[in-house]
Amino acid sequence: MSRFRIPVGFAVLACAVAVAPFLVSNYHTYQLAFVGLYLVALVGLDILTGFTGQISLGHGAFMGIGAYTTTILVVDHGWRDLWTIPLAGVVAGVIGLAFGLPATRFAGPYLALATFAIPLSFIGIVKRFPSFTGGNVGKNLPQLHSEFGWHVNPSIWFYVVCWVVALVMFPVAYLIVRGRFGRALRAVRDSEIAATANGVSTAAVKTAAFGISAFYCGIAGSLYAIGITYVNPDTFPIDLSILLLVGIVLGGAGSLYGMVFGALFVEFIRISWGPGILDLVSKAHHLDTHAPGSGLVVYGVVLLLVLYIAPAGAAGLVRQLLAIVSRLRSKKDTSLSDPSLV
Amino acid sequence: MTPLLELSEVSARYGQVAALHGVSLTVDEGEMVALLGANGAGKTTTLRAVSGTVRKSGDVLVAGKRLRRATPESVARDGVAHVPEGRGIFSELTVWENLRMGAYMVRRPDFKVVLDYFPWLESRRNQQAGTLSGGEQQMLALARAFLARPRLLMLDEPSLGLAPLVTREVFRVVSDLNEKEGLAVLVVEQNAATALAAAQRAYVLETGRVVVTGTADELRSNDAVRTAYLGY
Amino acid sequence: MQQFFQQLVSGLADGAIFGSLALALVLIYKATEVINFAQGEMAMFTTYISWSLITHHGFSFWEAFFATLLIAFVGGVLLQRTLIRPLERASVLTTVMATIALLVIFNGLAAWIWSPQLQFFPSPFPTTSWVIGGVHISKQDLGTFGVTIGCVFVLWLFFRFTKLGLAMRAGALNPAAARLLGVRTSWLLALGWGFAAALGAVSGMMVAPTVFLTPNMMQAVLIYAFAAAVLGGLESPIGAVVGGLALGVMLNMLGTYVHPVTSELRLPVALGVLLVVLLIKPAGLFGRVVVRRV
């Protein structure tokens, strides 16, 4: 059963993705496209945080780097937008490697501290060199047009692009965390000392994980820029980096499928779920729930509750559920194989 | 007369592994009792069950009263001092700061009495405790525990890692505290000969159970104990 | 030369603010190995409280200052007892995420309660300066430096000379041994959160007059404080303060004498410094040597 769980899960995900646009409006399709790109970012960050145990509070900036790469290439150099996507990943990945090289020499808290500075530094650098980046104003991208002779609504086309990328990157991540390298990642997470003693170069592993995660986030950022058709420094605030990490925790760090839940959360908590919860609260307490900041409070409280109630995230809950199911089933099995009956 | 410390049917486990299976023992006022046994017999766990640093079942009574709460700080406040394995010295603090920590629960600590027993501490008061020798650290731990004026002192392997001469010095001071100050002592030792020389009574533990008990003299003349723990 | 001294003094004033927030981080980190990412937002939130006391409740600056210290202290203790303590046995990721949740909540609450608009925060110091030998020294800078370092000094006295302060240090070094001596370490951790919150409040109230009060005003300061704490070795209280002062002076000097370093590049430069320091000395400039002697 467990041998088939992964391919079956992937097939279910792919089917859901294929069917969804037929069931919902164009606007919701557009939103679901963002879920796809967040999935790419989260899967990448999960390789670093969930599988290697390195907390990063700065990966929103790598999305920013990917977004700016795409924008500058398209706007200033006339590239076709789709072809910039892999390059955006490479640029972000290389910068991630360069940052990870020194940063990953340090254990837990130091890395999280250093990464916390990346988003604010990124914004500062973007503002400092306006002739290259467009400064505070940013740059506008042309609307995405469907290719290959397809004529569909831009929202649908964006959805297709995002999810094709996501459904390619997802199994790639699975291959990365499954094999020998994946074992090295987990060894570093569980005990750096033991990993080193077993011949794993922790610095190299952490740096590589950092680079891979930055690559994923760069791709996601490129898609993000294409989706919203503009970039400016405020598009990638520190909140985005935090939100990505929150998505990891809520989805369940160290689980790839959990990231689907994480991505749904990242996309919807600010736009629909948060205000929904607030509406419920406001009916009870007559609060001004449209005030700025109220959404943040909701998502902070949700995060806190999850940490207390289900620290392993959505994936952890699903795992518990499966365990209960299989226990029930094995109970049935043992009753059949009762020695008195044999 | 109610004993100062009474354990009845105390069991404890580390996760799945049971370390104590119903240990019962007593220590009277002013008495020095040794707890002997091989590695893993449950000696340390017995002390830890008393001081609340391991979860236990069964009763621990101090002066006939059940402990209020089984947390280390509240047991310490009930007058039971536990010098743990490795001595629990704050190696980054100075000698004097370590002593002040010993007096943490006491409103007016009597440093003078302590310095009478450990006069050398005075000249080392500003030295970092981690730079003391092993024997000196053990003495500092003793002095620190005594400052709180406990009713019962529990020592875990005071001889561990010390040269024989230093061990003898440590036991001399412990005996002094026991005889002159009337301090009850429960000492865990692997070095049975040293412990039996100083203690009045002893218990021998094997795999989490008390297997032999008696006065120090009785145990010294017990053939099984002699071959197993005294080596002659 | 005149410019140099002026920059030195404003650098020290900035640095004292970084240093006090860095010290708040170190206090909690030393005792629990948890980095409190909400430290900056807690400082911001308490600064709003003092602002509200001054503008809406008729407090003078100094009345509000001390009232806020008290509120911050109590708030810090309560936070630890109610939200952080239940996570004692949780993984590092979970605990870090809890402090991040607090960061998000405080940031949102401040905007919710007081609106995200810029607010003017009064300064207790005059805007004039003293002229000493042709050098203008701003009273604002000197006052900021004095108050912040004064608070740090009071805290140092507490840790050095009181029984409770000693117990807190001992509890951070070896909690198991401290408990065996009758120390209620769990309450001392809460006390540590209280002190850290109060220190953060000092840094917030000192920085607010120059940067204006907004819910995001402490984000950059927090990163400078991180850099300062890392410079100092994360475990050394003195290192954190000295690291803060060094960073403040360095950033001001770079901004004055190195043309391409404009205000936008202050943060990236701080990040660069942090990375270089960590590369050369992974344990920070003050390593462990100082820690052991404190």
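1. Let's start with chain B. Its secondary structure comes to ten helices and ten strands. Keep in mind as you read on that this is a predicted model.

2. What about the overall build of chain B? A compact globule of 232 residues would have a radius of gyration near 17 Å, and chain B agrees because its own value is 17 Å. If you draw a box along the principal axes, the C-alpha atoms of chain B fill roughly 45 × 40 × 35 Å.

3. Now for the inside of chain B. Of its 232 residues, 46% are buried. Take the contacts in chain B between residues at least 6 apart in sequence: 69% of these join residues at least 24 apart.

4. You'll find B:Leu20 in strand E2 of chain B, which covers residues 17-27. Is B:Leu20 buried or exposed? It counts as buried, because it has 27 C-beta neighbours inside 10 Å, and the cut-off for buried is 20 or more.

5. Who sits around B:Leu20? Setting aside neighbours within four places in sequence, B:Leu20 is in contact with B:Val10, B:Ser11 and B:Ala12, with B:Gly42, B:Thr45, B:Thr46 and B:Ala49, and with B:Gly208. Have a look at B:Leu205 as well: 185 residues separate B:Leu20 from B:Leu205 in sequence, yet their C-alpha atoms are 9.5 Å apart in space.

6. Next, how the chains meet. Two pairs of chains are in contact, and chains A and C are the pair that shares the most contacts. Chain A and chain B, on the other hand, have no contact joining them, and their closest C-alpha atoms lie 20 Å apart.

7. Chain B does touch chain C: 19 residues of chain B are in contact with 17 residues of chain C. Which elements of chain B give two or more residues to that side? They are helix H2 (72-77) and helix H3 (95-102) of chain B. By type, the residues on this side of chain B are nine nonpolar, five polar and five charged.

8. On to chain C, which has twelve helices and two strands. Follow chain C along the sequence and the pattern reads α-α-α-α-β-β-α-α-α-α-α-α-α-α. The radius of gyration of chain C is 19 Å, close to the 19 Å from the globule rule for 294 residues, so chain C is as compact as a globular protein of that length.

9. Buried residues account for 54% of the 294 in chain C. Among contacts in chain C between residues at least 6 apart in sequence, 74% link residues at least 24 apart.

10. Finally, zoom in on two helices of chain C. Helix H1 (residues 2-32) and helix H2 (residues 39-57) of chain C pack with their axes 10 Å apart, at an angle of about 125°. That angle is why H1(C) counts as oblique to H2(C). The crossing in which H1(C) passes H2(C) is right-handed.

11. Where do these two helices touch? From H1(C), residues C:Leu21, C:Ala24 and C:Leu25 meet C:Gln39, C:Gly40 and C:Ala43 of H2(C). The residues of this contact between H1(C) and H2(C) split into four nonpolar and two polar, with no charged ones.

Definitions and conventions. Residues numbered from 1 in each chain as written. Chains lettered and ligands numbered in written order. Predicted model: local features only at pLDDT ≥ 70, side-chain atom pairs only at ≥ 80, totals over all residues. Axes fitted to C-alpha atoms, helices over the stretch in contact; angles between N-to-C directions. Helix = DSSP H or I, 4+ residues; strand = E, 2+ residues; numbered from the N terminus. Parallel < 35°, antiparallel > 145°, perpendicular 65-115°, else oblique. Left-handed = near helix turned anticlockwise from the far one by under 90°. Contact = placed C-beta atoms within 7 Å. Nonpolar A, V, L, I, M, F, W, Y, C, P; charged D, E, K, R; others polar. Rg over C-alpha atoms; globule rule 2.2 N^0.38 Å. Buried ≥ 20, exposed ≤ 12 C-beta atoms within 10 Å, placed from the backbone.
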